[in-house]
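Here are some notes to read with the model open beside you. Take the points in order and find each residue as it comes up.

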Amino acid sequence: MKRLLIVSLLAMVFGCSKKTGNEDYIARVDGEYLLRRDVAGLDSSFVRNYIDKWIINNLIYKEALERGYDKKDEKIERMVNEFRKSLIINKFVQDEIVRKASSLSDDEVREFYQKHKDEFILDRPFVKIGYVKLKSRTDASILRGRITRTRNFKEAISGLISESSVLEIVESRYFDQLSISSSDLWKVAWNLSPGEVSFPVRSGDSYFLIYLYDKIEPGESADFELVADDVKQRAIVEKQNRLLDSLVSNLRKKYNYEVRW
């Protein structure tokens, strides 16, 4: 790993050398040029250090050639071949394993979640709520009556955003104590029963109506919506391992090999 990292850094530095001075360049060592476009996008604080390393490496390289280090060296050739082999293996794995595993369907991700649901455990409480933020208590009270009568939060708030008193609408979202906007809203939400809407809750100059869908205690399995990104990453890794195992199994049958140890 360490050797490959060093070789990779050297390849990056020397790879930018050009044999022409026709383009705009920012550094030169005899006939080797570091072009301005080669460092485009790099942080300016990094460019100066990069240029220094590029010059030092090319100066040492020239001195090494002058002293005859360009002659065929078995150890160097072996390192070059090993590095080239590593690049080929990496490109193959990226194309045949990583890229294929990354194209997971939503069904595959959800299937993985169902199989491993017990592994996604919450370490803190969450509430799944919807809320409406309004300018006045009167409007909030009127809306609460409407929600109570319809017994359907999403239906009751449909089209509300156009009303001047409405400041914000969240139809459905998970919150923990840190992500909700105030401790008062958290206390109200946590003390509701599923399907219940709160009375107007003042927060600053506004009033909130909170509707509770569900609440989850610490130690319970997390709903898919809460851990969707983590589930997808784990599902991708599992698929990568599965594809790699299958590939290696087939290659063991396809090619002759032996271990003498």
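**Notes on the predicted model**

1. Start with the largest nonpolar core. It has 16 residues, and Tyr113, Phe120, Val227 and Val231 touch the most other members. A nonpolar core here is a set of buried Ala, Val, Leu, Ile, Met, Phe, Trp, Tyr and Cys residues joined through side-chain atoms within 4.5 Å. Buried means under 20% relative accessible area, exposed means over 50%, and partly exposed lies in between (1.4 Å probe, protein chains only). Helix H4 (106-115) and helix H8 (224-254) each supply at least two residues of this core. H8 gives the largest share, five residues. Helices (H or I, at least four residues) and strands (E, at least two) are DSSP runs, numbered from the N terminus.

2. A word on the source. This is a predicted model: local features need pLDDT of at least 70, side-chain atom pairs count only at pLDDT 80 or more, and totals for chains, interfaces and linings use all residues. Residues are numbered from 1 along each chain as its sequence is written, and side-chain values use heavy atoms, with hydrogens and water left out.

3. Now valine 227. Which residues does it contact, leaving aside its neighbours within four places in sequence? They are Tyr113, Phe120 and Ala222. Contact means heavy atoms within 4.5 Å. Apart from this core lies another, of 15 residues, among them Ile129, Phe175, Leu185 and Val201.

4. Look at how H4 meets H8. They pack at an angle of about 100°, with their axes 9 Å apart. Axes are lines fitted to C-alpha atoms, for helices over the stretch in contact, and angles run from 0 to 180 degrees between N-to-C directions. H4 and H8 are therefore roughly perpendicular to each other. Angles under 35 degrees count as roughly parallel, over 145 as roughly antiparallel, 65 to 115 as roughly perpendicular and the rest as oblique. On the H4 side, the contact includes Phe112 and Tyr113; on the H8 side, it includes Val227 and Val231. By class, this contact has seven nonpolar, no polar and six charged residues. Ala, Val, Leu, Ile, Met, Phe, Trp, Tyr, Cys and Pro count as nonpolar, Asp, Glu, Lys and Arg as charged, and the others, Gly among them, as polar.

5. H8 also meets helix H3 (residues 74-102). Their axes come within 8 Å and cross at roughly 135°. H3 and H8 are therefore oblique to each other. H3 contributes residues including Phe92, Ile97 and Val98, and H8 contributes residues including Ile236, Leu243 and Leu247. The residues of this contact divide into eight nonpolar, two polar and three charged.

6. Next, isoleucine 180. It is found in the loop between strand S5 (166-175) and helix H7 (183-191). Is it buried or exposed? Isoleucine 180 is buried, with a relative accessible area of 9%. Not counting residues up to four places away in sequence, it touches Ile129, Phe175, Leu185 and Trp186.

7. Serine 206 lies in strand S7 (residues 206-216). Serine 206 is buried, at 8% relative accessible area. Beyond its neighbours within four places in sequence, serine 206 is in contact with Lys133, Leu134, Leu167 and Val201.

8. Last, check two backbone angles. Aspartate 30 is not a glycine, yet has a positive phi of about 50°. Aspartate 30 sits in the loop between strand S2 (25-29) and strand S3 (32-35). Arginine 151 has a phi near 60°, also positive. At 74% relative accessibility, arginine 151 counts as exposed.
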